[in-house]
Amino acid sequence: MSISNFSRRSFGKAMGAAAAVSSTGLSSAFAAQGESATEGQPKENYYQFPQDFKWGCATAAYQIEGGAKDGGRGPSIWDTFSHQPGHVYENQTGDVADDDYHLYKEDVQLLKSLGAKIYRFSVSWPRVFPQGTGQPNPQGIDFYKRLVDELQANGIEPFCTLFHWDLPQALQDKYGGWQSRETSKAFADYAGYVASQLSDKVHHFFTMNEFSSFIDLGYRDGRFAPGLKLAPGPLNQARHNAVLAHGLSVQAIRAKAQAGTRVGVAENAAVPVPVIESEAHIKASASAMRELNAPYLTVIMEGKYTEHYLQSAGADAPKFTPEDLKVISTPLDFVGLNVYTPVYVRSADSPEGFAVVKNPSSYPHMASSWLDVGPEALYWSPRHVGEIWKVKEMYITENGASSADVLTSDGQVYDTDRLMYLRNYLKSLHRAVTEGFPVRGYFCWSLMDNFEWADGYNLRFGLYYVDFKTQKRYPKLSAKFYKELIARNAVV
Ligand code: GBH
């Protein structure tokens with residue numbers, strides 16, 4: 001769209017108050033008060049971040065790599081699941097995705113062009129161990145070594161996630177995947193191996209991404225791979241095996257990696273936002289934080305399942321030993337938080353002291369129907385984690401939005417809704433950082449459009465638009481926004 005397509009009125013709006021007042025002849029009145037010095041210029045950066053704050057992007061292996069059969073890669077449960085009809089939008093698969101397995105150098109240039117200083121990618125377990133265990137595949141680990149070298153050569157610090165849902169199919173077949181603690185042990189071996197191979201250059205590892213997504217959606221609702229609908233007992237055991245795998249892998253990474261390697265987790269903890277910022281509702285939201293995350297982040301942080309979780313599970317509670325709980329709560333160097341949407345909470349007279357407030361049907365959401373817009377989530381997530389568990393280092397490991405992006409004939413994407421989303425969420429993050437909650441960096445989800453799990457290629461989360469027929473990438477308006485934001489280290 002060119003400027004001439006704007007009406008005079010919308011142009012004024014787009015340019016902000018400074019242009020609007022000058023067009024109505026009021027600027028001289030403001031000039032008398034000494035306020036015209038920045039007319040037509042960006043105002044000072046009110047939402048300035050600390051100097052050492054790091055900005056970057058996140059992706060995940062199965063969502064971008066493609067190369068499903070290249071370099072000796074074995075099948076993952078997502079290959080199997082997406083190839084069975086009826087699971088993914090239009091039966092699409094990650095066979096090719098963004099073809100990043102071949103185009104990774106080009107994709108590193110996309111990061112560089114944004115000015116990104118950090119990049120969070122994930123390693124495909126079946127690329128490195130095609131059968132999940134046993135002999136590593138040298139070609140598999142070599143791909144990640146080349147990626148890490150390329151990032152380093154371009155001044156981008158790699159942050160590595162070890163599990164973003166692409167479990168080797170062999171472990172699903174042999175053990176029922178996360179239904180067995182054999183898978184937990186296999187994960188620790190794999191994690192230790194990758195850390196031994198990459199920790200000369202990768203100093204930050206995330207064990208797992210979003211327990212509730214791959215367990216609750218994969219083993220309870222059947223919407224994600226492996227598509228199971230387990231009863232509550234086996235489901236709670238799978239949850240336990242997943243956090244146990246996390247803990248075992250923290251220990252394996254520390255045992256096998258170079259000294260100084262830092263380890264954390266990347267979790268989409270439910271984010272209770274108090275309906276009103278009054279004492280009663282804030283206290284309720286803090287209780288909700290512990291209870292709504294009981295099987296995952298709470299047990300990792302506290303080394304205990306909450307009474308309420310165990311009681312309400314009754315006979316279906318997971319079976320575990322005291323030693324398990326110690327392993328699960330092995331101290332971490334940092335916590336990664338994936339933040340998309342809030343859970344509104346109010347105080348209540350119930351024993352737990354809180355109630356979840358369901359949003360009305362008019363509540364606004366992004367292109368993904370689940371993605372309710374609630375910028376405060378990016379304030380309350382680090383605040384709860386900082387206040388309740390005294391975590392000393394945090395990263396926002398994912399935050400971003402889907403939009404019904406349209407590529408114009410001249411190669412532009414005007415994703416104003418994504419800008420609206422990011423701008424407001426980042427103002428909330430700024431508030432958290434300003435109040436001293438130790439968030440050290442932010443990874444936007446995602447660098448580029450990719451395989452959005454059950455939604456296939458139908459929903460786009462990228463800063464870069466991808467034409468999946470040609471594999472050409474185009475910077476959206478949001479990429480330009482993010483670049484400006486990174487350059488000024490402030491919300492713009
Ligand atoms: C993240 O999950 C993932 O880590 C990332 O891979 C993904 O691309 C990104 O979000 C965007 O979705 O279909 O109604 O059952 C965010 C948490 C959990 C939100 C699963 C969507 C499915 C809702 N997601 N959930 S539904």
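**Burial, contacts and the ligand shell**

Tutor: Lysine 476 has a relative accessible area of 0% and is buried. The model is a predicted one.

Student: Why is lysine 476 called buried?

Tutor: Buried means under 20% relative accessible area. Lysine 476 has 0%, and therefore the term applies. Lysine 476 is placed in the loop between β13 (472-475) and α19 (477-488).

Student: What makes the pairing of lysine 476 with aspartate 449 a polar contact?

Tutor: The limit for such a pair of N or O atoms is 3.5 Å. The side chains of lysine 476 and aspartate 449 are joined at 2.8 Å, so the pair qualifies. Beyond four places in sequence, lysine 476 also touches other residues, among them Asp405, Asp415, Arg418 and Arg460.

Student: How do you know whether serine 403 is buried or exposed?

Tutor: The relative accessible area of serine 403 is 6%. The cut-off for buried is under 20%, so serine 403 is buried. Serine 403 belongs to the loop between β10 (394-398) and α18 (416-434).

Student: Which side chain makes a polar contact with the side chain of serine 403, and what makes it one?

Tutor: The partner is the side chain of aspartate 417, at 2.9 Å. With a limit of 3.5 Å, the pair therefore counts as a polar contact. Setting aside neighbours within four places, serine 403 is in contact with Ala367, Asp415, Asp417, Arg418 and Arg460. Serine 403 and leucine 459 are 56 residues apart in sequence, yet their C-alpha atoms are 7.2 Å apart in space.

Student: Which residues come nearest to the ligand, and how does its shell divide?

Tutor: Gln63, Glu210, Arg223, Glu452 and Trp453 come nearest, out of 17 residues around the ligand. The shell comprises seven nonpolar, six polar and four charged residues.

Student: Which members of the largest nonpolar core touch the most other members?

Tutor: Among its 139 residues, these are Trp78, Trp125, Trp178, Leu429, Tyr442 and Tyr482. Contacts of tryptophan 78 beyond four places in sequence include Tyr62, Trp165, Phe224 and Trp453.

Notes
Residues numbered from 1 in each chain as written. Predicted model: local features only at pLDDT ≥ 70, side-chain atom pairs only at ≥ 80, totals over all residues. Heavy atoms only, no water. Core = buried A, V, L, I, M, F, W, Y, C linked by side-chain atoms within 4.5 Å. Buried < 20%, exposed > 50% of the residue type's maximum accessible area, 1.4 Å probe, protein only. Contact = heavy atoms within 4.5 Å. Near = heavy atom within 4 Å. Nonpolar A, V, L, I, M, F, W, Y, C, P; charged D, E, K, R; others polar. Helix = DSSP H or I, 4+ residues; strand = E, 2+ residues; numbered from the N terminus. Polar contact = N/O pair within 3.5 Å; in protein donor to acceptor, adjacent residues only side chain to side chain.
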